[in-house]
Each structure stands twice: as C-alpha cells, then as structure tokens.
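User: Could you walk me through this structure, starting with how the helices pack?

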Protein chains: 2
Amino acid sequence: MARKTGSHSEITGPKIRAEAQRLFARHGFAAVSMRQIAAAVGVQAGALYLYTSDKEALLFDLLKTHMDELIAAWRAEAPAGAEPLAALEAFVRFHIRFNLERAEVVFLSYMELRNLSEENFAVIEGLRKTYETELEQILMAGQAAGVFLIPDTKLATMAIIAMLTGVNTWYREGGRLSRATVADIYWDMVRKAVGA
Amino acid sequence: MARKTGSHSEITGPKIRAEAQRLFARHGFAAVSMRQIAAAVGVQAGALYLYTSDKEALLFDLLKTHMDELIAAWRAEAPAGAEPLAALEAFVRFHIRFNLERAEVVFLSYMELRNLSEENFAVIEGLRKTYETELEQILMAGQAAGVFLIPDTKLATMAIIAMLTGVNTWYREGGRLSRATVADIYWDMVRKAVGA
DNA sequence: GTCTATACCACGATAGAC
DNA sequence: GTCTATCGTGGTATAGAC
C-alpha cells in the first residue's frame, strides 16, 4: 500500500544535505532559502527542521563532513615512509583528484566560511590547518634531506595548495585535457617550483 | 550656514561605493541589505536609488571599475620590449602588490561573480580573460625563445595566477614577512616552475 | 537630493492537526 | 514525519513631501 506521507527519515536526511550542497554551491548560502531546499527535496519547509537545528547547521554539517573525509582520504592514501619527492607527487595527484571529484563542496569550503558562527568557523579552520600541515611536513622533510630547495616552506605550502585548488575554477569535464594529463602537468610545475 | 539636507552628490556617490565594497567584502553580497549600506553612508535606503539603478548594478560597478584599473595599471607598468624573464618578474611583482593593495575588491571579484546578471558576468569574465592573456603571452614568448620550459602555457597561466592571488587569503600586514619579501619568494617559485 | 512612509514580498522558524 | 497555517521580521524598491 503506497502512501503519500509517512516515515522517510533515512532517505530525506541525506537528500536534504545533497540538495542543500547543490543549491548553496550554485547560488551561494545567503541567496538560498529554506523553502528552495525543501522544494528541491520534495517536502515542506517546516519539515527541514526535523533534520537540522537551523540553516547554518546545515552548512556546517556539509563543510565539517567534507574536511573530515578529505583528511581521512589523504591519510589512507599517503604512502607510508616514502621519500619526500614521492610523497609530494602523491599529494599533488591526490589533491587534484579529490577536489575535482567533490567540486561543489570544495567550492563551498572556500566561499561560505564567513556564514559560519565563530565557533564553527574555528573548527573548519582547524581542520584546514591540519590538512595544510600534512603538505608542509613533506616539504620540510624534503628540505632537510636536501632534495628540495625551498626559500620558505610555509609560503610554499600556501602557494602549492592555491595553485592546485585553482584547477577547480577552470577545469571542465570533456575539455581539452583529461584529469590525468592535468595532474601530470601540475606535478611537473610543482616539482620544478620546489627545486627538485 | 550648515544645513542638514541638500546637495551632496559628489560626496555621497563615492561614499556609497566605498561602503558597499567594504560591506560586500565582509559579509557577502547577498547577506548585505540596502538598508545596511545606507546606514553606513548616513542616508536613508531610498536615497541609494539616486546613485544606482539597483543592488546588482552597485556590485557590477565595483567589479568593472576594478578590472579596468587592473588592466590599465598593468599596461602602464609592463616593461615595453623586455625579455620574457624580466616581463614575468614584473608581472609577478605587480600582481602581488596590486592585489594586496585592493584586497577587498579582489575578494569580491572572486566571490561574487555569480550574483551578476548573465550580461554583466560576461563583461567581467571578458576582462579577466584579457588580463590572463597578458600573462600567457609572456609565457608563450619565453617558451618560443627557449628561456622557459613549460609543458602547457594555458595551464601555467592559470596556475601562476591562482598561486599569486592566493597570497591575499593568508597575508596579514605586520606579519612575519614584508610584502617585498613575499614577492621575492613567490618570484623564486614562479621562476623555477617555468623552468627558467 | 534627501526625507518619511509604505507597498509588497520573501525570509527563517514554529505550532498544532493528521 | 509531513502537512498547513502563521508569526514576526526584514528584504528591495517606489511615491510623494520638502
């Protein structure tokens, strides 16, 4: 017996997060209304509050989950005990691939931080810092081993991450270059930039 | 005889743009109301419409002016007939300096493009493309002359601009490094990245 | 050129029926 | 768990007095 209403919490919860992510990425957090999200999910606006305490919590949940998954994915993939050069190459390829696979939420992570409360902002910033430190430690190890020639590992960390994340702003599926080719080219530039 | 009301259009116009830029950069275009802008300027909300046709036109005016000034400033400063290596160094130092000097509107240019109408978006994108082409031509000239070793000048253009613009996300006045030192370090990394 | 006043609409969030 | 209905607020933009 199909019915129009009833219990769908296992479907509705993830669907709300998915639609919110899509709409926030497309139009911006402040420009998207709870009514729009509800319409995209197929429920009434009031029903959203069964799954989230308020609009900001919805954004924070998306960003927090993303950062946790980013760090966990890198740590699962990082070659243990590898030489700095191999570790750096792994990082470059991982960052480009992971960010292209999750372009929407990556975009959110860069654009919508200021819509978080002070406490929630600090949480996301801390996770971002944790991720950046993973790269910086590779650079420092390579510098100490004499295989990299980097004037400042802190600035090199920021420069490399900005450069890699920038791929998301112009890459289009089905364009001139495949993801693998883009990764090859960026790895070439990063390798040279650190003097390896 | 001072009077409370009267003609102030020569002051009010620029003041509206300045306050709008500050508020848009701080809170995001969609999150700032016309009432907030008016309050910061010291007029009533309705008075803003003497200077702008609507809220989006205010944003477009800021971005268009910025892009025009960016391109004009670079063309005024670009060393005429210089070697590719010198031209690239000039570009790197110019981009970092100009963007740090105008951090607010640069931030807007990256964050608020989606709040423009289709036509206005195309105008800004065209100007951005024009600016990027200035760099790409330097890279192509150096590649042709054999002084650069770049796998793909298009990607190198995007990578370098992303890397340089990224300085704006972390640089704080009075921090560990001066602007000049930051420019030195970034120039070192860019120079190596292009194989020079 | 700026003001007050306001039209009109959409917002986030909640209450209570089913 | 979802619905309808609604509260209170604040949004953009305009009208008309001064």
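**Helix packing and the chain contact**

Analyst: The crossing of H9(A) and H7(B) is right-handed, meaning that the near helix is turned clockwise from the far one by less than a right angle; helices here are DSSP runs of H or I with at least four residues, numbered from the N terminus. This is a predicted model, in which local features need pLDDT of at least 70, side-chain atom pairs count only at pLDDT 80 or more, and totals for chains, interfaces and linings use all residues. Residues are numbered from 1 along each chain as its sequence is written, chains are lettered from A in the order in which they are written, and side-chain values use heavy atoms, with hydrogens and water left out.

User: Which residues in H9(A) and H7(B) meet?

Analyst: From H9(A), A:Val182, A:Ile185, A:Tyr186 and A:Met189 meet B:Leu155, B:Ala156, B:Met158 and B:Ala159 of H7(B), where contact means heavy atoms within 4.5 Å.

User: OK, switching topic: how many residues does each chain bring to the contact?

Analyst: Chain B brings 35 residues and chain A brings 34 residues.

User: And what area is buried between them?

Analyst: About 2,700 Å² is buried between chain B and chain A, with carbon and sulfur atoms giving 67% of it; buried area is the accessible area (1.4 Å probe) that two parts lose on being put together, summed over both.

User: Which three residues of chain B supply more than any other three?

Analyst: Those are B:Arg114, B:Leu155 and B:Lys192, which supply 25% of the area that chain B buries against chain A.

Key: Helix = DSSP H or I, 4+ residues; strand = E, 2+ residues; numbered from the N terminus.
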